Amino acid sequence: MTEDSIELKGGEPLSGEIELRGAKNSLPKNLVASLLTAEPCFLRNVAEVEDVEIVSAMIRLFGGEIKKDARKGDLKITNKKLSLARAGKLQAVAGKSRIPILFAGPLLARLGEAFVPALGGCQIGKRPVDFHVEALRSLGAEVVETEAGFHFKAKKLVGGKIDLIFPSVGATEQVLLSAVMAEGVTELSGAAVEPEIMDLVVLLQKMGAIISVDTDRSITITGVSELHGFDHVAMPDRIEAASWACAAAVTGGEIFVRNARQPDMITFLNKFRQVGGEFSVRDGGILFRRGNVLHAIALETDVHPGFMTDWQSPFVVLLTQADGASIIHETVYENRFGYIDTLNQMGAKIQLFRECLGGNRTCRFGQRNYLHSAAIMGPTPLSGREISVPDLRAGFSYVIAALGASGVSKINNLKTIHRGYEKFTEKLKLLGAQII
Ligand code: EPU
């Protein structure tokens, strides 16, 4: 084992207990919200994941102060006096993260101006930020895009009507973080309503924001002139929870995921049960295991309350062990099956299709030449091999496949997994993975 690669001997059940901390896709947004006030903010249950480091480093470049109690996972963030940061320095710390675009609204509220470096993120599709830019323009921001990034300017953002043509998580967060301190009312329709977004709404409400969420994906934000500090416990990571659940079922083990919350995972739990996984909701977490037989299933990924796209790749590995033909239709990203070739080389029998298969409807990618549906024939024995991790979620899925495979697998570029899963190798060891 080196820092960036691991050799795993498969075929042993993974059993024991691991603990979730704050969600990788929630913590950074909580931190960005702290920029909306000069008062101290307290964020608790903070996991050590890369996006938290990136956002913290960016906040410091703007003049904020962050104190960390690493053992408890507590952060105290004080953004008393902010000033513009140099583009070069921002670029150096922002790396490949997609979070920096969310700095736009809070910085406009505090400084009237913002620069956001060009964005990265996992290569799972084109991942444009046009919705973000259009939303900010609708609120009155001037936006200039250069090769280096985006320059935003606005003396004061003004509430407006914004209609998202797809319920984008990031764009919804953008509107929330920008409209809370805009002048007047913002009406957002077509909003994403993921639990991470509801958690951001709760945090902003603690700060003094006025936000109402309707049942029809519309959110109304009444701007206020001042926001206050918050004390907030970050929500646990429901994507990590689902990944360990699949690892338990694939290896035939039993994993108690401490802090996993049933209400955030209803759709996953339904599908897990239909496939033949078993779970029991207990005090403080959920216990996952495999039932006797795994059954094939058809499902499509979707925005909340649908089956999350981030649950897709660990679930595909699980379906390679199910009896019969399963279908997965990916409707959120056009290119999220890039990892299938490697699974096939390990012995899986998965075929990709450009058509919309298995769902009730055609999606945005249907007639557009994207391999976005998968047919998975199971059960197929998997065998170990050398693998390079392409992106975060596919990376965890390769590890699950390696754990369920016969023989040894060497997994390279492990740092991509470490970026989004806290203490990943320690957790594997705790669960009894055979690390060579
Ligand atoms: N989209 C646009 N234009 C935009 C924004 C999005 O066309 O301006 C498209 C995207 O290309 C994609 C779809 O809308 O096809 C959904 O994107 P969304 O904005 O919802 O995704 P995101 O906010 O960039 C977050 C998570 C992703 C997760 C998605 C969907 C973070 C940091 N990332 O991304 O997580 O898959 O929501 O739930 O919160 C991951 O954790 O591995 C990951 C990729």
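This is a predicted model: local features need pLDDT of at least 70, side-chain atom pairs count only at pLDDT 80 or more; totals for chains, interfaces and linings use all residues.
**Exercise 1. At what angle do helix 10 and helix 12 pack, and which residues meet?**

Step 1. Locate the helices. Helix 10 spans residues 312-319, and helix 12 spans residues 392-404.

Step 2. Take the geometry. The two pack at an angle of about 25°, with axes 8 Å apart. Angles under 35 degrees count as roughly parallel. Helix 10 is therefore roughly parallel to helix 12.

Step 3. The crossing of helix 10 past helix 12 is right-handed.

Step 4. List the contact. Helix 10 supplies S313, P314 and V317. Helix 12 supplies R393, A394, S397, I400 and A401.

Step 5. Sort by class. This contact of helix 10 with helix 12 holds five nonpolar residues, two polar and one charged.

**Exercise 2. Describe how helix 8 packs with helix 10.**

Step 1. Helix 8 covers residues 238-251. Its axis and that of helix 10 come within 9 Å.

Step 2. The axes cross at roughly 10°. The cut-off for roughly parallel is under 35 degrees, so helix 8 and helix 10 are roughly parallel to each other.

Step 3. From helix 8, the contact takes in S243, C246, A249 and V250. From helix 10 come P314, F315, V317 and L318.

Step 4. Seven residues in the contact of helix 8 with helix 10 are nonpolar, one is polar and none is charged.

Step 5. Look back at helix 10. P314 and V317 meet helix 8, and P314 and V317 also meet helix 12.

**Exercise 3. Work out the packing of helix 6 and helix 7.**

Step 1. Helix 6 runs over residues 169-179, helix 7 over residues 195-207.

Step 2. Their axes lie 10 Å apart at an angle of about 10°. Helix 6 is thus roughly parallel to helix 7.

Step 3. On the helix 6 side, V169, T172, E173, L176 and L177 make the contact. On the helix 7 side, I197, L200, V201 and L204 do.

Step 4. By class, the contact of helix 6 with helix 7 has seven nonpolar residues, one polar and one charged.

**Exercise 4. How many cavities of 30 Å³ or more are there, and what lines the largest cavity?**

Step 1. Count. There is one cavity of 30 Å³ or more.

Step 2. Size it. The largest cavity has a volume of about 40 Å³.

Step 3. Name the lining. It consists of R21, G22, K24, A47, V49, D237, E240, G420, E422 and K427.

Key. Residues are numbered from 1 along each chain as its sequence is written. Side-chain values use heavy atoms; hydrogens and water are left out. On a 1 Å grid over the protein atoms alone, a cavity is a set of points where a 1.4 Å probe fits but cannot get out, and a pocket is an open set with protein on both sides within 12 Å along at least five of seven lines; lining residues have an atom within 4 Å of a point. Grid points are joined across faces, edges and corners, and a volume is the space filled by probe spheres set on the points. Axes are lines fitted to C-alpha atoms, for helices over the stretch in contact, and angles run from 0 to 180 degrees between N-to-C directions. Helices (H or I, at least four residues) and strands (E, at least two) are DSSP runs, numbered from the N terminus. Angles under 35 degrees count as roughly parallel, over 145 as roughly antiparallel, 65 to 115 as roughly perpendicular and the rest as oblique. A crossing is left-handed if the near helix is turned anticlockwise from the far one by less than a right angle, and right-handed if clockwise. Contact means heavy atoms within 4.5 Å. Ala, Val, Leu, Ile, Met, Phe, Trp, Tyr, Cys and Pro count as nonpolar, Asp, Glu, Lys and Arg as charged, and the others, Gly among them, as polar.
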